[in-house]
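Please find below a note on the model under review. The remarks are set out as numbered points.

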Amino acid sequence: MPPDVEARFDAALLARIEEAGINASAPPEQRWIDGWLVRFSPGKAKRARCIQAVAPGRGPVPDRLARCVSVYAAAGLRPCVRITPFSEPPGLDAMLAGLGWQRIDDTRVMVAQPMPEPLPPPAGFRLEPVDAGTFIGWIAAARCSSPAEEAAHAARLAASPVPYRALLVRDGSGNAVAGGQVATEGDVAGLYDVFSHEGQRGRGLASALCSALLDSARAAGASVAYLQVDAGNVAARRVYRRLGFVDAYAYHYRTPAGGIP
């Protein structure tokens with residue numbers, strides 16, 4: 001079992017979840033550099049514009065980093081390395097720290113096994129399945145994404161090797177007040193882009209939304225669920241724990257000093 005992972009879960013299951021998360025965030029803009037999957041989407045999600053250090057590689061890390069940095073320079077993006085318990089080679093985080101790369105975005109991967117049972121939405125609200133275009137437009141507006149970020153999100157979902165399903169929560173006037181997606185790969189389902197408008201939080205909308213998304217994934221054969229959430233997002237983590245999610249492992253990013261990407 002890699003260090004910094006929750007011992008209650010089988011190591012092979014967590015490796016499978018990590019793989020599923022990488023697959024679910026695949027953008028069109030990516031290439032391999034000596035064992036590292038280098039992603040350079042112009043979108044908002046860092047997981048689609050970072051280095052996924054998934055294999056030890058053959059050459060020295062500084063040489064590999066230099067090749068990766070040139071890719072980001074050409075794309076007009078700040079380089080970022082995602083550091084997980086599965087990152088290769090071992091000691092990569094310490095190497096990057098020694099080079100002056102700063103640590104940002106402490107994140108938790110939470111896992112639910114078994115998955116939660118579906119919960120009805122609160123009275124006066126309804127769940128509506130929507131297509132990718134409708135969902136992307138809504139989430140872009142909700143998060144104040146730029147046109148370039150919205151376009152990158154659309155391109156990533158259009159090219160995704162993993163099928164997504166989206167739901168919106170509408171109030172009695174038909175306004176969409178919450179939404180989210182689930183990506184299902186075999187027996188593993190991941191929650192993505194879960195968002196509720198600030199004035200609607202605390203009503204149970206997120207719980208109903210997430211449980212409904214996972215119920216659709218269960219119908220497609222999934223038996224375990226995961227999600228990725230900012231470690232400091234106390235309110236969201238409370239909702240997820242009520243649904244049966246627990247912390248499984250952590251990850252963060254390293255980026256050159258001098259600014260946050």
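1. Basis. The model is predicted: local features need pLDDT of at least 70, side-chain atom pairs count only at pLDDT 80 or more, and totals for chains, interfaces and linings use all residues. Residues are numbered from 1 along each chain as its sequence is written, and side-chain values use heavy atoms, with hydrogens and water left out.

2. Overall dimensions. Along the principal axes, the C-alpha trace spans about 60 × 40 × 30 Å.

3. Of the 261 residues, 49% count as buried (under 20% relative accessible area; exposed is over 50% and partly exposed lies in between, with a 1.4 Å probe and protein chains only). Among contacts (heavy atoms within 4.5 Å) between residues at least 6 apart in sequence, 71% join residues at least 24 apart.

4. Charges. The chain carries 28 positive and 25 negative charges, whose mean positions are 3 Å apart. Lys and Arg count as positive and Asp and Glu as negative, while His and the chain ends are not counted; each charge is placed at NZ of Lys, CZ of Arg, CG of Asp or CD of Glu.

5. Sheet. Seven helices and eleven strands are assigned to the protein chain (DSSP runs numbered from the N terminus: H or I of at least four residues for helices, E of at least two for strands). The eleven strands form an open sheet of mixed pairing, in the order S1-S2-S3-S4-S11-S5-S10-S9-S8-S7-S6. Its edge strands are S1 and S6 (126–130), each of which pairs on one side only. Two strands pair if DSSP finds at least two bridges between them.

6. Strand pairs. S1 (residues 30–33) and S2 (residues 36–39) are antiparallel over four bridges, with Leu-37 in S2 as the bridge partner of Trp-32. Two residues separate these strands in a hairpin, and Asp-34 in the turn has a positive phi of about 45°. S7 (residues 164–170) and S8 (residues 176–185) also pair in the antiparallel sense, over seven bridges; Arg-165 stands opposite Val-182 in S8.

7. Ala-74. This residue lies in helix H2 (residues 61–75). Is Ala-74 buried or exposed? Ala-74 is exposed, because its relative accessible area is 73%. The C-alpha atoms of Ala-74 and Phe-40 are separated by 9.8 Å, with the two residues 34 apart along the chain.
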